[in-house]
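Please read each point with the coordinates open beside it.

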Amino acid sequence: MPNRLERKEDFNELMGMPLSIGPSKSHSGPNAAPKPEREAIFISHATPEDNAFTLWLGGKLTALGYHVFADVLRLKGGDDWERILEDAIRNKAKRFLLVATPHGVQKQGVRNEITIANETGRSLKEDGFIVPLRLKAYEKPLQIAHAQYINFERSWAEGLVELVALLDEVGVPKNAPNDQAQIWQGLQLKDARTVGPGPELLISNWISIDSLPASIIFYDFKGGISIGAAQAAIKACPIPISAHNRGFISFAPHHQLQEYFGPNLPLQIVDTCDSDAFLGSGWQSQRLTPKDCRPKFTDISRRALDSYFDTKGLKPFEYANGRNAWWATARHATMDQKSFAWGDLKGRRQLVGRSEKRAFHWHYGISCWAQSGPIRHVRVSGRVVFTSNGHELIGDARRLHRMRRTFCKGWRNDKWRDLLLAFWYWLADGAEFIDITLGEGAVMRLSLPPKTFEAAFGVSSSSDVATSDEEEDDELMVDRDDDDQGDDDDEGDD
């Protein structure tokens, strides 16, 4: 079975349309043919951003017996798609499902389809003809301002249950053509991965925590202090601590903390706990369960990691979730490629580049947070920030959001992997561990490179193989070697 429609006739047969679309002859009188019953579901979505969701939803609905039409079924050129899409909405669709995302509702093609669907709904006197499927919070276009959406943001599965209930309620028939399920399955498998012989080395974004101080301490203030002053001092403390009751917990020693808080906020040690017990079974004497302890450990580690990155000369960029992305300026990291060589893991990447076409610099950065399970590790997320001149962040939030979504869309797994490895190798000066200071004489040792796992089988995908700089939208990077994507030393994919 082919994995896409090859002929216009195939598409029209799938949709139950006549083989040609054009002005139809008018019929009247008692022998006039009855108007065809509306039986299709039309999914309007942004291409290619929402293709994955549309393929998932179309496949599920088709498997349930519904006749589904969406732009992902489009033929490879040569057809008058504006007319085909318009006819499908005006004459075939029983319901118009709008994949509602912030970027999707702004696309002109989607807005055109909303306009046609709005006109169709009015002509049918169907107030609920358009059904938004909310994947993320979005700004409602005026034409669907009062349309009731189905929430897919929490869970696609929960959203599907609610959608199917609605389709049954409004009487959408389940009479899909026999081969439609195979066509949707073919589309879903078009870029599927194949399983091959192993083993395969998998590089994670986890950096193992090799060791921690032996114990953690609960400090409280002695009587007669200003509670407001104490709380303000805890919040501003440069030493990694986490608030607990009236005081705080920390790995740092008493004399270091007392020097910071000063004579007006005298400290006393109330309790200590073994670090392994703290993260494993909790701190019973302080009535802290493991669930209570782990966020406090994450908070202390975050402060320590932020301090480490700051001392290494990196710059912070705060995201909406409160986490910092740490990045290097063009002067600090330079625009040269950074090599990495940890055993068999070898390669090189730029950490800073410039787009002459778009007139900005891009900077690879990271966000980190410590986790105690399933093994103790620091989880790393790759980030990209943009500056106007190599060191000043672009301040337009809308532009930054658009740049993040579009500039890196062609970066493959192997590029993100190598950027991660190059960044940490450069930051650690090639060392196999780094010590994150938790207090005077107290460190959290991280093991480099990031943790690897071995799979018993291999998974291949042509979409993961970087082919050329142009395909990655990387022609915008300057001052680099031509073999940025083709180093003999580069390893496989994520």
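1. In what follows, contact means heavy atoms within 4.5 Å, and helices (H or I, at least four residues) and strands (E, at least two) are DSSP runs numbered from the N terminus. Axes are lines fitted to C-alpha atoms, for helices over the stretch in contact, and angles run from 0 to 180 degrees between N-to-C directions. On these terms, helix 10 (residues 290-311) lies across strand 8, strand 9 and strand 10, and runs at about 145 degrees to strand 9.

2. The model is predicted, so that local features need pLDDT of at least 70 and side-chain atom pairs count only at pLDDT 80 or more, whereas totals for chains, interfaces and linings use all residues. Residues are numbered from 1 along each chain as its sequence is written, and side-chain values use heavy atoms, with hydrogens and water left out.

3. An open sheet of four strands has the order 9-10-8-11 with antiparallel pairing. Strand 9 (241-244) and strand 11 (267-274) stand at its edges with a single partner strand each, so one side of each has no neighbour in the sheet. On average, and ignoring direction, neighbouring strands here are turned by 30 degrees against each other.

4. Within this sheet, strand 8 (residues 215-221) and strand 10 (residues 247-250) run antiparallel and are joined by three bridges, and Ile217 stands opposite Ser250 in strand 10. Helix 8 (residues 254-261) lies across strand 8, strand 9, strand 10 and strand 11, at about 140 degrees to strand 11.

5. A further open sheet consists of five strands in the order 2-1-3-4-5, with parallel pairing; its edge strands, strand 2 (67-70) and strand 5 (150-151), each pair on one side only. Strand 1 (residues 40-44) and strand 3 (residues 93-100) run parallel and are joined by five bridges, with Leu97 in strand 3 as the bridge partner of Ile43. Helix 4 (residues 108-124) packs on this sheet, touching strand 1, strand 3 and strand 4 (130-134), and its direction makes about 145 degrees with that of strand 3.

6. How do helix 2 and helix 6 pack? Helix 2 (residues 51-63) and helix 6 (residues 180-188) meet at an angle of about 155 degrees, with their axes 9 Å apart. The contact involves, among others, Trp56 and Gly59 of helix 2 and Trp184 and Leu187 of helix 6.

Methods: Pairing = 2+ DSSP bridges.
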